[in-house]
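Subject: Structure for you to look at

Hello,

I am handing over the structure below. Please open it first, then read the notes that follow.

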Amino acid sequence: MAPVEGYWGKQTATIDWCEENYVVSYYIAEFWNTVSNAVMIFAPLAMVFVGLKENHEKRFLYSFSAITVVGMGSWLFHMTLQYSMQLMDELPMIWGSSFLVYSLYMIKSKPDEECIPLQVFLVVYCVLVTLVYVLINAPVFHEVSYALMVISMVLIALRIVQTMHCNVMLFAVSLFTYALGFLLWNVDNLCCHHLRYIRDQMDKSSGMLFECHAWWHIFAGFGTYMALLFA
C-alpha cells in the first residue's frame, strides 16, 4: 500500500487530484501529473531562446516565458501538494493568460507598439483575482477567472481568423488540442473512481495511460504553445 504521506509531508493544498499519491516515488506526490509539465516548461523555454536570438517582439518573449513559469509552478504543486506551491501553479495561470490575451490582441500592431489601456485593464484584473482568491480560497473562483481569460483568447483568435489572412490550420490545431485537454481534465474530475479501478486492473508499466490530468497538461500546454505560434 502506498504511503499517504511522502517526502513533502501532509498535504496542505485544497485540491488533491485523481492520481494516487506517492505511488511511483516517495519524493513526488503525483508523479505523472508532475513530469507531464515538462511540455509546458521546455518547449516555450526553447522559443524564448529562439526569440532572443532572432529579436522577436517582447510580447512573445513574455508570453512564452509565462507558459514556462506556469509549467514550473504546476510541477512544484503536483510534486509537493503544498498550498504555497498550489498558489505558484494557479496564480501564474491568471497572470500568464493576460500575456497571451495581450499578444493576440496586438497581432496587428507595429513592433514595440503598446496598448496602455489594455495593459492597465489586464493588470487590474489579475491583481483583483489574486487578492480575492487568496482571501476566499475557493478553487471554483479561480477556475471561472481563468475560464474568462481562455474565452477571451478564443474570441480574439476567431476575430483574427475572420478579418486577417492567417494560418487557420494552426489555430484549429491549437483550439482542438486545448479542448481535448479540457475534456480530459473533466474526465479526471468526474470519473476518478472508474479511472482508479481501471488502473488497478492494469499492469504498473501502463504508466500514465489513464492519468487524465497529466494528459491535460500535455494537450493544454501544446495547445497554448501553438496558439502563440498562431499569434
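Trp17, Tyr178, Phe182, Trp185 and Trp216 form a cluster that is linked by ring pairs. Please keep in mind that the model is a predicted one.

The number of aromatic pairs comes to 13, counting ring centres that lie within 6.5 Å. In the pair of Tyr7 and Trp8, the planes stand at 90° and the centres are 5.0 Å apart, so this pair is edge-to-face, the cut-off being over 60 degrees. Tyr7 is partly exposed, with 47% relative accessibility. Trp8 also counts as partly exposed, at a relative accessible area of 33%. Tyr26 and Tyr27 make an edge-to-face pair as well, because their planes are at 85° with ring centres 5.3 Å apart. For Tyr26 the relative accessible area is 46%, which means partly exposed.

The largest pocket has a volume of about 950 Å³. Its lining is made up of 45 residues, and the closest to the pocket centre are Met93, Tyr146, Val150, Tyr178 and Trp216. Tyr178 and Trp216 also belong to the ring cluster described above.

Which elements give two or more residues to the lining of the largest pocket? They are α3 (58–80), α4 (83–105), α6 (139–163), α7 (168–190) and α9 (212–230). By residue type, the lining of the largest pocket has 29 nonpolar, 13 polar and three charged residues.

Regards

Terms used
Residues are numbered from 1 along each chain as its sequence is written. This is a predicted model: local features need pLDDT of at least 70, side-chain atom pairs count only at pLDDT 80 or more; totals for chains, interfaces and linings use all residues. Side-chain values use heavy atoms; hydrogens and water are left out. Rings of Phe, Tyr and Trp (its six-membered ring) pair if their centres lie within 6.5 Å; planes under 30 degrees apart count as stacked, over 60 as edge-to-face and the rest as tilted. Buried means under 20% relative accessible area, exposed over 50%, partly exposed in between (1.4 Å probe, protein chains only). On a 1 Å grid over the protein atoms alone, a cavity is a set of points where a 1.4 Å probe fits but cannot get out, and a pocket is an open set with protein on both sides within 12 Å along at least five of seven lines; lining residues have an atom within 4 Å of a point. Grid points are joined across faces, edges and corners, and a volume is the space filled by probe spheres set on the points. Helices (H or I, at least four residues) and strands (E, at least two) are DSSP runs, numbered from the N terminus. Ala, Val, Leu, Ile, Met, Phe, Trp, Tyr, Cys and Pro count as nonpolar, Asp, Glu, Lys and Arg as charged, and the others, Gly among them, as polar.
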